[in-house]
Amino acid sequence: MTQFGIDVTVDDIIDSLGFFDNWEERYKYIIDLGKELPEMDSSLRTDEYLVRGCQSQVWLVDEWRAGKLFFQADSDAFIVKGLLGVVLAAFNGKTPGEILAFDIDAYFTQLDLLQHLSSTRGNGLRAMVKRIKDRASQTN
């Protein structure tokens with residue numbers, strides 16, 4: 001089982017996306033990342049864990065272990081599952097302080113990501129990040 005943020009890091013994603021010459025190949029890579037997300041139990045796909053503001057359905061569950069936040073995530077759209085992998089690489093298995101200090105905008109800029117997503121997908125991506133940062137700020 002792949003653990004984003006642990007087995008797949010921000011640097012891994014930056015390096016991999018930089019290898020591809022065009023966005024069609026990058027989209028395929030992002031979709032493949034989504035296929036590596038661990039399976040989420042269907043009992044967790046509830047309104048409580050639903051991320052509001054996403055075009056697709058996105059569920060995000062957090063768990064505290066040894067002062068760090070770990071996330072399970074799922075979506076009904078392949079590209080969004082891949083975007084969840086991109087986000088989890090930045091935040092999964094981190095302390096609240098690390099999550100809040102991470103410059104997600106610089107990360108997305110380095111990936112050249114937001115300008116290649118529709119505005120609704122971009123808003124959904126920001127909603128995922130906000131949910132994670134809000135959760136981290138509750139205990140920081």
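This is a predicted model: local features need pLDDT of at least 70, side-chain atom pairs count only at pLDDT 80 or more; totals for chains, interfaces and linings use all residues.
How do helix 1 and helix 5 lie relative to each other, roughly parallel or roughly perpendicular? Residues are numbered from 1 along each chain as its sequence is written, and side-chain values use heavy atoms, with hydrogens and water left out.

**View 1. Helix 1 packs against helix 5.** The axes of these two helices are 10 Å apart and meet at an angle of about 25°. Helix 1 and helix 5 are therefore roughly parallel to each other. Angles under 35 degrees count as roughly parallel, over 145 as roughly antiparallel, 65 to 115 as roughly perpendicular and the rest as oblique. Each axis is a line fitted to C-alpha atoms, for helices over the stretch in contact, and angles run from 0 to 180 degrees between N-to-C directions. Helices (H or I, at least four residues) and strands (E, at least two) are DSSP runs, numbered from the N terminus. From helix 1, look for Val10, Ile13, Ile14 and Leu17; from helix 5, Tyr107, Gln110 and Leu111 complete the contact (heavy atoms within 4.5 Å). Sorted by class, this contact has six nonpolar, one polar and no charged residues. Here Ala, Val, Leu, Ile, Met, Phe, Trp, Tyr, Cys and Pro count as nonpolar, Asp, Glu, Lys and Arg as charged, and the others, Gly among them, as polar.

**View 2. Helix 2 crosses helix 3.** The two axes come within 6 Å and cross at roughly 80°. That makes helix 2 roughly perpendicular to helix 3. Helix 2 brings Tyr27, Ile30, Ile31, Leu33 and Gly34 to the contact, and helix 3 brings Phe78, Ile79, Lys81, Gly82, Leu83 and Val86. By class, this contact has eight nonpolar, two polar and one charged residues.

**View 3. The largest nonpolar core holds 42 residues.** Such a core is a set of buried Ala, Val, Leu, Ile, Met, Phe, Trp, Tyr and Cys residues joined through side-chain atoms within 4.5 Å. Buried means under 20% relative accessible area, exposed over 50%, and partly exposed in between (1.4 Å probe, protein chains only). Ile13, Phe91, Tyr107, Phe108 and Leu113 touch the most other members. Among the elements that each supply at least two residues are helix 1 (10-19), helix 2 (23-35), strand 1 (58-65) and helix 6 (119-137). Helix 3 gives the most, with ten residues. Apart from this core lies another, of five residues, including Leu44, Leu50, Trp59 and Val61.

**View 4. Leu125 and Phe108 are in contact.** Leu125 lies in helix 6 and is buried, with a relative accessible area of 0%. Leaving aside neighbours within four places in sequence, Leu125 is in contact with Leu83, Val87, Phe108, Leu113, Leu114 and Leu117. With such neighbours left aside too, Phe108 is in contact with Val86, Val87, Leu113, Leu114, Leu125 and Val129. Leu125 and Val51 are 74 residues apart in sequence, yet their C-alpha atoms are 10.0 Å apart in space.

**View 5. Phe20 pairs with Phe19 and with Tyr29.** Rings of Phe, Tyr and Trp (its six-membered ring) pair if their centres lie within 6.5 Å; planes under 30 degrees apart count as stacked, over 60 as edge-to-face and the rest as tilted. By this rule the count comes to six aromatic pairs. Phe19 and Phe20 have ring centres 5.6 Å apart and planes at 75°, so the pair is edge-to-face. Phe20 and Tyr29 form a tilted pair, 5.8 Å centre to centre with 40° between the planes. Phe19 is exposed at 66% relative accessibility, Phe20 is partly exposed at 21%, and Tyr29 is buried at 16%. Elsewhere, ring pairs link Phe91, Phe102, Tyr107 and Phe108 into a cluster.

View 6. Most residues other than glycine have a negative phi.
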